[in-house]
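User: Can we go through the aromatic contacts in this one? I'll paste the model.
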Amino acid sequence: MSIEKVRAYFKAFGIEDRIREFEVSSATVELAAVAVGVEGARIAKSLSFKIEDKPVIIVVAGDAKIDNSKYKAQFHTKAKMLTHEEAHSLIGHDVGGVCSFALPEDVKVYLDVSLKRFETVFPAAGSDNSAIELTCGELEKYSSNFVEWVDVCKSWQAEG
């Protein structure tokens, strides 16, 4: 099970006990926000894409949406999300539990600046009923194959 892979991965950092598991689904931003008890924007969504036939994960704030022109400027290709089957086979996590932890070496991780406005965020931990609270610094530190912070989203800056 994917959450067990993540738990084992976190054990090396001594943070496996920080994983929270819920009786209810946390597979969507809305469900995760209810399960965790925070606003949806603080849920760190892990979106999986294919760039030059290689899987990548971009972790974004729960209220952010991919901006196609920013994405294309950053990655020099059109945004193409993985199918549920591709996510399972290429990333090793099923949709709803996709996260930036315990990943195969060829899966690169990018974190979107939309997350940086929060003290802590809540990414999934490998299952559709789990989360872990991390600061943005911790998210960067513990994400497998972290490449860089990017700015590829829209709709989250409405307040400012």
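User: Which residues form one aromatic cluster?
Analyst: Tyr9, Phe10, Phe13, Phe101 and Tyr142 do. Keep in mind that the model is predicted.

User: How many aromatic pairs does a search of the whole structure find?
Analyst: The count is 8. One of the pairs is tyrosine 71 with phenylalanine 75: the ring centres are 4.9 Å apart. Their planes meet at 50°, so this pair is tilted.

User: Where do tyrosine 71 and phenylalanine 75 lie?
Analyst: Both are in helix α3, residues 68–75. They are 4 residues apart, about one turn of the helix.

User: Are those two buried or exposed?
Analyst: Tyrosine 71 and phenylalanine 75 are both buried. For phenylalanine 75 the relative accessibility is 9%. The cut-off for buried is under 20%, so phenylalanine 75 counts as buried.

User: OK, next pair. Why is phenylalanine 75 with tyrosine 110 edge-to-face?
Analyst: Because their planes are at 80°, and over 60 degrees counts as edge-to-face. The ring centres are 4.8 Å apart.

User: Which parts of the chain does that pair link?
Analyst: Distant ones. Phenylalanine 75 is in helix α3, while tyrosine 110 is in strand β5, residues 108–112. The two are 35 residues apart.

User: And tyrosine 110, buried or exposed?
Analyst: Tyrosine 110 is buried, at 12% relative accessible area.

User: Switching to charges. What sits over the ring of tryptophan 149?
Analyst: The charged end of lysine 116. It is 4.4 Å from the ring centre.

Note on methods:
Residues are numbered from 1 along each chain as its sequence is written. This is a predicted model: local features need pLDDT of at least 70, side-chain atom pairs count only at pLDDT 80 or more; totals for chains, interfaces and linings use all residues. Side-chain values use heavy atoms; hydrogens and water are left out. Rings of Phe, Tyr and Trp (its six-membered ring) pair if their centres lie within 6.5 Å; planes under 30 degrees apart count as stacked, over 60 as edge-to-face and the rest as tilted. Buried means under 20% relative accessible area, exposed over 50%, partly exposed in between (1.4 Å probe, protein chains only). A charge sits over a ring if NZ of Lys or CZ of Arg is within 6 Å of the ring centre and within 35 degrees of the ring normal.
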